[in-house]
Amino acid sequence: MTLKSVACIDDLRRIAHRKVPRDFMDYYESGSYSEATLASNRHDLAQIKIRQHVLAGASNRELSQSLLGEKITLPFALGPIGMTGMAHRDGEIAAARAAERAGIPYTLSTMSICSIEDVAAAVEKPFWFQLYFMKDRGFVSDLITRARAAKCSALVLTVDLQVLGQRHRDVRNGLFVPPRVRLGTIAHLLSKPAWIAGVLLGKRKTFGNLHGRIAGTEHLRSYMEWIHSQFDQTLHWDDVAWVREQWPGKLILKGILDVNDARQAVKTGASAIVVSNHGGRQLDGAPSAISMLPRIADAVGSDIEILFDSGIRSGQDVFRALALGARACLLGRAYLYGVCAAGEAGASKAIDIIAKELDVTMALAGVQTIGSITRDCVVADH
Ligand code: FNR
(Lines give C-alpha, C1' and ligand atoms only; values in the text may rest on other atoms or scores of the structure.)
Protein backbone atom coordinates (compact mmCIF):
# COMPACT_ATOMS: atom_id res chain seq x y z
CA MET A 1 0.00 0.00 0.00
CA THR A 2 1.32 3.45 -0.91
CA LEU A 3 0.47 6.76 0.73
CA LYS A 4 -1.74 7.62 -2.24
CA SER A 5 -4.04 4.68 -1.64
CA VAL A 6 -4.33 5.32 2.12
CA ALA A 7 -7.99 5.91 3.01
CA CYS A 8 -8.02 6.14 6.82
CA ILE A 9 -5.81 6.26 9.90
CA ASP A 10 -5.91 2.48 10.23
CA ASP A 11 -4.25 2.21 6.80
CA LEU A 12 -1.42 4.42 8.08
CA ARG A 13 -1.18 2.18 11.12
CA ARG A 14 -0.76 -0.89 8.93
CA ILE A 15 2.07 0.78 7.00
CA ALA A 16 3.63 1.87 10.31
CA HIS A 17 3.81 -1.75 11.45
CA ARG A 18 5.47 -2.72 8.20
CA LYS A 19 8.10 0.01 8.41
CA VAL A 20 9.06 0.45 12.05
CA PRO A 21 10.72 -2.25 14.21
CA ARG A 22 8.41 -4.15 16.51
CA ASP A 23 9.98 -2.93 19.77
CA PHE A 24 9.16 0.67 18.86
CA MET A 25 5.69 -0.14 17.58
CA ASP A 26 5.08 -1.92 20.90
CA TYR A 27 6.17 1.24 22.73
CA TYR A 28 3.86 3.39 20.60
CA GLU A 29 0.84 1.10 20.69
CA SER A 30 0.87 -0.17 24.26
CA GLY A 31 -1.25 0.87 27.19
CA SER A 32 -0.38 0.24 30.82
CA TYR A 33 -0.95 -3.11 32.57
CA SER A 34 -4.09 -4.89 31.32
CA GLU A 35 -4.75 -2.14 28.76
CA ALA A 36 -8.36 -1.89 29.94
CA THR A 37 -8.33 1.91 29.83
CA LEU A 38 -6.63 1.89 26.44
CA ALA A 39 -9.45 -0.30 25.11
CA SER A 40 -12.24 1.71 26.72
CA ASN A 41 -10.98 4.95 25.13
CA ARG A 42 -11.73 3.51 21.69
CA HIS A 43 -14.81 1.55 22.73
CA ASP A 44 -16.56 4.48 24.41
CA LEU A 45 -15.87 6.90 21.58
CA ALA A 46 -17.34 4.44 19.08
CA GLN A 47 -20.50 4.13 21.21
CA ILE A 48 -21.40 7.79 20.76
CA LYS A 49 -23.94 8.12 17.99
CA ILE A 50 -23.94 11.22 15.83
CA ARG A 51 -27.34 12.66 14.88
CA GLN A 52 -28.06 12.86 11.17
CA HIS A 53 -29.72 16.07 9.97
CA VAL A 54 -30.85 16.31 6.38
CA LEU A 55 -31.82 19.27 4.22
CA ALA A 56 -30.06 21.61 6.61
CA GLY A 57 -28.30 23.66 3.97
CA ALA A 58 -24.89 22.86 5.44
CA SER A 59 -22.68 24.02 2.59
CA ASN A 60 -19.77 26.46 3.07
CA ARG A 61 -18.53 24.69 6.14
CA GLU A 62 -15.88 26.42 8.23
CA LEU A 63 -13.53 24.22 10.25
CA SER A 64 -11.44 26.92 11.91
CA GLN A 65 -11.57 27.49 15.61
CA SER A 66 -10.19 29.99 18.08
CA LEU A 67 -7.98 28.49 20.73
CA LEU A 68 -5.99 30.33 23.38
CA GLY A 69 -6.83 33.59 21.65
CA GLU A 70 -5.55 32.47 18.27
CA LYS A 71 -7.21 31.16 15.16
CA ILE A 72 -6.35 27.61 14.15
CA THR A 73 -7.51 26.26 10.80
CA LEU A 74 -8.78 22.97 12.21
CA PRO A 75 -10.14 22.15 15.66
CA PHE A 76 -7.22 19.92 16.57
CA ALA A 77 -3.49 20.08 17.27
CA LEU A 78 -0.70 17.49 17.34
CA GLY A 79 -0.07 16.32 20.90
CA PRO A 80 3.26 15.46 22.53
CA ILE A 81 4.64 12.00 21.73
CA GLY A 82 7.98 10.98 23.23
CA MET A 83 10.50 9.39 20.86
CA THR A 84 8.68 10.41 17.65
CA GLY A 85 12.16 10.67 16.20
CA MET A 86 12.53 6.88 16.46
CA ALA A 87 9.51 6.46 14.15
CA HIS A 88 11.21 8.27 11.30
CA ARG A 89 14.39 10.29 10.89
CA ASP A 90 13.80 13.70 12.52
CA GLY A 91 10.23 12.64 13.26
CA GLU A 92 9.48 15.64 15.48
CA ILE A 93 10.59 18.07 12.77
CA ALA A 94 8.45 16.14 10.26
CA ALA A 95 5.37 16.44 12.48
CA ALA A 96 6.02 20.08 13.32
CA ARG A 97 6.30 20.96 9.63
CA ALA A 98 3.12 19.09 8.77
CA ALA A 99 1.28 20.93 11.54
CA GLU A 100 2.67 24.27 10.43
CA ARG A 101 1.54 23.67 6.86
CA ALA A 102 -1.94 22.74 8.06
CA GLY A 103 -2.15 25.81 10.31
CA ILE A 104 -2.46 23.93 13.58
CA PRO A 105 -0.19 23.80 16.67
CA TYR A 106 2.43 21.11 17.21
CA THR A 107 3.44 20.06 20.72
CA LEU A 108 7.03 18.96 21.25
CA SER A 109 7.53 16.44 24.06
CA THR A 110 10.22 16.82 26.72
CA MET A 111 11.18 13.26 25.70
CA SER A 112 11.68 14.06 22.04
CA ILE A 113 14.60 12.96 19.90
CA CYS A 114 14.90 16.34 18.14
CA SER A 115 15.58 19.10 20.66
CA ILE A 116 13.60 22.30 21.21
CA GLU A 117 16.28 24.16 19.26
CA ASP A 118 16.25 21.62 16.39
CA VAL A 119 12.50 22.07 15.92
CA ALA A 120 12.65 25.86 16.33
CA ALA A 121 15.22 26.01 13.52
CA ALA A 122 13.01 23.93 11.21
CA VAL A 123 9.72 25.81 11.46
CA GLU A 124 8.68 29.44 11.25
CA LYS A 125 5.58 29.59 13.39
CA PRO A 126 5.71 29.00 17.14
CA PHE A 127 5.02 25.52 18.47
CA TRP A 128 3.98 24.36 21.94
CA PHE A 129 6.36 22.72 24.39
CA GLN A 130 5.28 19.91 26.73
CA LEU A 131 6.98 19.84 30.10
CA TYR A 132 7.45 16.90 32.42
CA PHE A 133 8.02 18.09 35.93
CA MET A 134 11.15 16.47 37.32
CA LYS A 135 12.91 16.34 40.65
CA ASP A 136 15.81 18.32 39.25
CA ARG A 137 14.16 21.76 39.38
CA GLY A 138 17.25 23.36 37.83
CA PHE A 139 16.77 21.17 34.76
CA VAL A 140 13.05 22.00 34.61
CA SER A 141 13.82 25.70 34.91
CA ASP A 142 16.39 25.39 32.14
CA LEU A 143 13.85 23.66 29.87
CA ILE A 144 11.36 26.47 30.43
CA THR A 145 14.03 29.04 29.58
CA ARG A 146 14.87 27.12 26.39
CA ALA A 147 11.18 26.94 25.43
CA ARG A 148 10.89 30.69 25.94
CA ALA A 149 14.04 31.35 23.89
CA ALA A 150 12.57 29.18 21.11
CA LYS A 151 9.45 31.39 21.21
CA CYS A 152 7.12 28.52 22.08
CA SER A 153 3.60 29.92 22.27
CA ALA A 154 2.27 27.67 25.04
CA LEU A 155 3.63 25.39 27.74
CA VAL A 156 1.79 22.10 28.15
CA LEU A 157 2.45 20.84 31.67
CA THR A 158 1.70 17.12 31.89
CA VAL A 159 0.37 16.30 35.32
CA ASP A 160 -0.51 12.61 35.05
CA LEU A 161 2.96 11.10 35.01
CA GLN A 162 4.35 11.46 38.51
CA VAL A 163 5.13 7.74 38.33
CA LEU A 164 5.24 5.53 35.24
CA GLY A 165 2.39 3.12 34.44
CA GLN A 166 4.05 -0.12 33.38
CA ARG A 167 3.70 -1.25 29.79
CA HIS A 168 4.34 -4.97 29.82
CA ARG A 169 5.68 -5.14 26.29
CA ASP A 170 8.32 -2.49 27.01
CA VAL A 171 9.53 -4.50 30.01
CA ARG A 172 9.74 -7.65 27.91
CA ASN A 173 11.48 -5.82 25.06
CA GLY A 174 13.97 -4.09 27.37
CA LEU A 175 13.34 -0.95 25.36
CA PHE A 176 15.82 1.86 25.44
CA VAL A 177 17.26 4.31 22.92
CA PRO A 178 18.86 3.37 20.58
CA PRO A 179 17.39 -0.11 20.27
CA ARG A 180 19.44 -2.84 21.87
CA VAL A 181 20.04 -5.20 19.00
CA ARG A 182 19.48 -8.68 20.37
CA LEU A 183 20.28 -11.74 18.30
CA GLY A 184 16.61 -12.61 18.03
CA THR A 185 15.72 -9.22 16.62
CA ILE A 186 18.43 -8.93 13.98
CA ALA A 187 16.41 -10.80 11.35
CA HIS A 188 13.39 -8.65 12.17
CA LEU A 189 15.42 -5.44 11.87
CA LEU A 190 16.81 -6.52 8.52
CA SER A 191 13.26 -6.48 7.20
CA LYS A 192 13.13 -2.71 7.93
CA PRO A 193 15.92 -1.38 5.69
CA ALA A 194 14.39 2.07 5.23
CA TRP A 195 14.13 2.51 9.00
CA ILE A 196 17.74 1.40 9.48
CA ALA A 197 18.91 3.87 6.84
CA GLY A 198 16.69 6.67 8.14
CA VAL A 199 16.78 6.35 11.91
CA LEU A 200 19.55 4.00 12.96
CA LEU A 201 22.09 5.60 10.63
CA GLY A 202 20.72 9.12 11.21
CA LYS A 203 22.47 11.63 13.46
CA ARG A 204 19.77 12.00 16.14
CA LYS A 205 19.19 8.88 18.22
CA THR A 206 18.83 10.01 21.77
CA PHE A 207 16.79 12.46 23.86
CA GLY A 208 17.59 15.78 22.22
CA ASN A 209 16.48 17.93 25.15
CA LEU A 210 18.65 16.00 27.60
CA HIS A 211 21.72 15.46 25.48
CA GLY A 212 24.79 17.13 26.98
CA ARG A 213 22.79 18.66 29.83
CA ILE A 214 22.80 15.95 32.48
CA ALA A 215 26.04 15.22 34.30
CA GLY A 216 27.07 11.56 34.22
CA THR A 217 24.80 10.54 31.36
CA GLU A 218 27.23 9.91 28.55
CA HIS A 219 25.83 6.43 28.00
CA LEU A 220 22.41 6.01 26.50
CA ARG A 221 21.23 3.63 29.14
CA SER A 222 22.11 6.21 31.78
CA TYR A 223 19.67 8.67 30.19
CA MET A 224 16.87 6.20 30.79
CA GLU A 225 18.04 5.62 34.34
CA TRP A 226 18.17 9.36 34.93
CA ILE A 227 14.65 9.84 33.53
CA HIS A 228 13.26 7.05 35.69
CA SER A 229 14.91 8.51 38.79
CA GLN A 230 13.40 11.91 38.03
CA PHE A 231 9.66 11.27 38.25
CA ASP A 232 8.47 13.26 41.20
CA GLN A 233 5.77 11.71 43.35
CA THR A 234 5.65 14.72 45.65
CA LEU A 235 4.09 16.80 42.87
CA HIS A 236 1.36 19.04 44.16
CA TRP A 237 -0.83 21.92 42.97
CA ASP A 238 1.68 24.31 44.59
CA ASP A 239 4.23 23.19 42.03
CA VAL A 240 1.97 24.48 39.26
CA ALA A 241 2.31 27.92 40.87
CA TRP A 242 6.10 27.50 40.67
CA VAL A 243 5.83 26.77 36.93
CA ARG A 244 3.52 29.75 36.49
CA GLU A 245 6.11 32.04 38.01
CA GLN A 246 8.71 30.86 35.51
CA TRP A 247 6.31 30.79 32.56
CA PRO A 248 3.96 33.78 32.52
CA GLY A 249 2.69 32.79 29.05
CA LYS A 250 -0.12 30.44 28.11
CA LEU A 251 -0.18 27.34 30.27
CA ILE A 252 -2.10 24.15 29.50
CA LEU A 253 -2.50 21.42 32.13
CA LYS A 254 -2.58 18.02 30.45
CA GLY A 255 -3.93 14.88 32.08
CA ILE A 256 -7.08 16.03 33.89
CA LEU A 257 -9.68 13.27 34.24
CA ASP A 258 -11.65 14.26 37.29
CA VAL A 259 -14.16 17.04 37.94
CA ASN A 260 -12.55 18.15 41.21
CA ASP A 261 -9.11 18.26 39.60
CA ALA A 262 -10.58 20.32 36.77
CA ARG A 263 -11.97 22.82 39.31
CA GLN A 264 -8.57 22.99 40.97
CA ALA A 265 -6.94 23.53 37.58
CA VAL A 266 -9.12 26.60 37.01
CA LYS A 267 -7.77 28.10 40.24
CA THR A 268 -4.17 27.87 38.98
CA GLY A 269 -4.94 30.47 36.32
CA ALA A 270 -4.02 28.04 33.52
CA SER A 271 -5.43 28.94 30.10
CA ALA A 272 -6.62 25.44 29.26
CA ILE A 273 -6.78 21.83 30.38
CA VAL A 274 -6.46 18.64 28.38
CA VAL A 275 -8.98 16.03 29.45
CA SER A 276 -6.84 12.94 28.93
CA ASN A 277 -5.77 9.63 30.42
CA HIS A 278 -2.49 9.73 28.51
CA GLY A 279 -3.86 7.42 25.82
CA GLY A 280 -4.43 4.62 28.34
CA ARG A 281 -0.75 4.56 29.29
CA GLN A 282 -0.97 5.60 32.93
CA LEU A 283 -3.76 4.62 35.38
CA ASP A 284 -5.09 1.31 34.10
CA GLY A 285 -8.68 0.98 35.27
CA ALA A 286 -9.33 4.70 34.89
CA PRO A 287 -12.46 5.62 32.91
CA SER A 288 -12.18 6.45 29.26
CA ALA A 289 -11.37 10.11 28.72
CA ILE A 290 -14.50 10.64 26.58
CA SER A 291 -16.76 9.36 29.37
CA MET A 292 -15.42 12.04 31.72
CA LEU A 293 -15.47 14.90 29.22
CA PRO A 294 -19.15 15.98 29.53
CA ARG A 295 -19.00 16.14 33.33
CA ILE A 296 -15.80 18.16 33.25
CA ALA A 297 -17.23 20.44 30.56
CA ASP A 298 -20.36 21.01 32.66
CA ALA A 299 -18.27 21.86 35.71
CA VAL A 300 -15.62 24.17 34.24
CA GLY A 301 -16.40 24.69 30.54
CA SER A 302 -17.25 28.34 31.00
CA ASP A 303 -14.14 29.03 33.12
CA ILE A 304 -11.34 27.47 31.09
CA GLU A 305 -10.73 26.17 27.57
CA ILE A 306 -11.01 22.41 27.27
CA LEU A 307 -8.91 20.27 25.00
CA PHE A 308 -9.41 16.54 24.67
CA ASP A 309 -7.32 13.52 23.78
CA SER A 310 -7.13 9.74 24.20
CA GLY A 311 -8.55 7.56 21.47
CA ILE A 312 -9.10 9.99 18.58
CA ARG A 313 -8.64 8.12 15.31
CA SER A 314 -11.03 9.89 12.93
CA GLY A 315 -12.84 13.10 12.13
CA GLN A 316 -15.98 11.50 13.54
CA ASP A 317 -14.13 11.11 16.87
CA VAL A 318 -13.13 14.78 16.80
CA PHE A 319 -16.78 15.65 16.15
CA ARG A 320 -17.88 13.51 19.13
CA ALA A 321 -15.40 15.21 21.47
CA LEU A 322 -16.40 18.69 20.30
CA ALA A 323 -20.07 17.80 20.80
CA LEU A 324 -19.34 16.70 24.36
CA GLY A 325 -17.60 19.91 25.35
CA ALA A 326 -14.07 20.07 23.93
CA ARG A 327 -12.95 23.22 22.17
CA ALA A 328 -10.31 21.26 20.26
CA CYS A 329 -8.60 17.85 20.32
CA LEU A 330 -5.03 16.65 20.44
CA LEU A 331 -4.09 13.89 18.07
CA GLY A 332 -1.74 11.25 19.50
CA ARG A 333 -1.17 7.91 17.84
CA ALA A 334 -3.33 9.01 14.90
CA TYR A 335 -0.58 11.28 13.55
CA LEU A 336 2.26 9.16 14.96
CA TYR A 337 1.23 6.35 12.58
CA GLY A 338 1.58 8.86 9.76
CA VAL A 339 5.10 9.80 10.88
CA CYS A 340 6.01 6.09 11.08
CA ALA A 341 4.59 5.50 7.61
CA ALA A 342 6.14 8.42 5.74
CA GLY A 343 7.57 11.19 7.96
CA GLU A 344 6.24 14.64 7.10
CA ALA A 345 4.09 13.43 4.20
CA GLY A 346 2.56 10.79 6.47
CA ALA A 347 1.80 13.30 9.23
CA SER A 348 0.20 15.58 6.62
CA LYS A 349 -1.83 12.65 5.35
CA ALA A 350 -3.12 11.92 8.86
CA ILE A 351 -4.14 15.56 9.36
CA ASP A 352 -5.81 15.62 5.96
CA ILE A 353 -7.74 12.39 6.56
CA ILE A 354 -9.13 13.62 9.86
CA ALA A 355 -9.95 17.09 8.48
CA LYS A 356 -11.88 15.59 5.55
CA GLU A 357 -13.73 13.12 7.75
CA LEU A 358 -14.70 15.93 10.08
CA ASP A 359 -15.88 18.08 7.18
CA VAL A 360 -18.10 15.32 5.74
CA THR A 361 -19.42 14.49 9.21
CA MET A 362 -20.40 18.12 9.71
CA ALA A 363 -22.21 18.14 6.36
CA LEU A 364 -24.17 14.98 7.17
CA ALA A 365 -24.92 16.19 10.68
CA GLY A 366 -26.17 19.49 9.26
CA VAL A 367 -23.70 21.89 10.89
CA GLN A 368 -21.60 24.57 9.26
CA THR A 369 -19.28 25.80 11.97
CA ILE A 370 -17.23 24.24 14.75
CA GLY A 371 -19.08 26.42 17.25
CA SER A 372 -22.39 24.83 16.30
CA ILE A 373 -21.21 21.31 17.16
CA THR A 374 -23.02 21.01 20.47
CA ARG A 375 -24.37 18.21 22.63
CA ASP A 376 -27.53 18.22 20.52
CA CYS A 377 -25.45 16.81 17.70
CA VAL A 378 -25.05 13.45 19.42
CA VAL A 379 -27.73 11.10 20.67
CA ALA A 380 -28.45 11.79 24.37
CA ASP A 381 -27.21 9.76 27.39
CA HIS A 382 -24.20 11.99 27.68
C1 FNR B 1 2.40 9.70 24.64
N2 FNR B 1 1.88 10.74 25.41
C3 FNR B 1 2.72 11.69 25.93
N4 FNR B 1 2.20 12.73 26.64
C5 FNR B 1 3.00 13.68 27.14
O6 FNR B 1 2.51 14.61 27.77
N7 FNR B 1 4.35 13.61 26.93
C8 FNR B 1 4.94 12.61 26.24
O9 FNR B 1 6.16 12.58 26.07
C10 FNR B 1 4.10 11.59 25.75
N11 FNR B 1 4.63 10.53 25.07
C12 FNR B 1 3.80 9.60 24.49
C13 FNR B 1 4.35 8.57 23.74
C14 FNR B 1 3.50 7.67 23.11
C15 FNR B 1 4.10 6.59 22.27
C16 FNR B 1 2.10 7.81 23.21
C17 FNR B 1 1.17 6.87 22.48
C18 FNR B 1 1.57 8.80 23.99
C19 FNR B 1 0.42 10.90 25.52
C20 FNR B 1 -0.11 11.69 24.33
O21 FNR B 1 0.27 13.03 24.38
C22 FNR B 1 -1.66 11.64 24.28
O23 FNR B 1 -2.17 11.99 25.54
C24 FNR B 1 -2.16 10.26 23.88
O25 FNR B 1 -1.37 9.74 22.83
C26 FNR B 1 -3.61 10.34 23.46
O27 FNR B 1 -4.11 9.07 23.19
P28 FNR B 1 -4.25 8.46 21.69
O29 FNR B 1 -4.95 9.49 20.87
O30 FNR B 1 -2.85 8.20 21.22
O31 FNR B 1 -5.02 7.23 21.92
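User: What is a nonpolar core?

Analyst: A nonpolar core is a set of buried residues such as Val, Leu, Ile and Phe, joined through side-chain atoms within 4.5 Å. In soluble globular proteins, nonpolar side chains tend to be buried together. This is a predicted model. Its largest nonpolar core has 119 residues, and Tyr28, Phe76, Ile273, Ile296 and Phe308 are those with the most contacts inside it. Helix α15, residues 333-365, gives the most to this core, with 16 residues. There is also a second, separate core of 13 residues, with Leu68, Ile72, Trp128 and Leu330 among them.

User: Which residues is isoleucine 296 in contact with, leaving aside its neighbours within four places in sequence?

Analyst: Among them are Ile256, Leu257, Val259, Ile273 and Ile306. Asp258 is also one of its contacts.

User: Is aspartate 232 buried or exposed?

Analyst: Buried means under 20% relative accessible area. Aspartate 232 has 5%, so it counts as buried. Aspartate 232 sits in the loop between α10 and α11. Its side chain makes a polar contact of 2.9 Å with the side chain of arginine 137. Beyond its sequence neighbours within four places, aspartate 232 also contacts residues including Phe133 and Gln162.

User: How many residues surround the ligand?

Analyst: The ligand is surrounded by 21 residues, the closest being Pro80, Ser109, Tyr132, Thr158 and Asp309. A nitrogen atom of the ligand lies 3.0 Å from a side-chain N or O atom of lysine 254. For glutamine 130, a polar side-chain atom is 3.2 Å from a ligand nitrogen. For histidine 278, the corresponding distance is 3.3 Å. Taken alone, the ligand exposes 600 Å², and the protein buries 98% of that.

Notes:
Residues are numbered from 1 along each chain as its sequence is written. This is a predicted model: local features need pLDDT of at least 70, side-chain atom pairs count only at pLDDT 80 or more; totals for chains, interfaces and linings use all residues. Side-chain values use heavy atoms; hydrogens and water are left out. Buried means under 20% relative accessible area, exposed over 50%, partly exposed in between (1.4 Å probe, protein chains only). Helices (H or I, at least four residues) and strands (E, at least two) are DSSP runs, numbered from the N terminus. Contact means heavy atoms within 4.5 Å. A residue is near a molecule or strand if one of its heavy atoms lies within 4 Å of it. A polar contact is a pair of N or O atoms within 3.5 Å; within protein, one must be able to donate a hydrogen and the other to accept it, and residues adjacent in sequence count only if both atoms are side-chain atoms. Accessible areas come from the Shrake-Rupley method with a 1.4 Å probe; for residues, only the protein chains shown count as cover.
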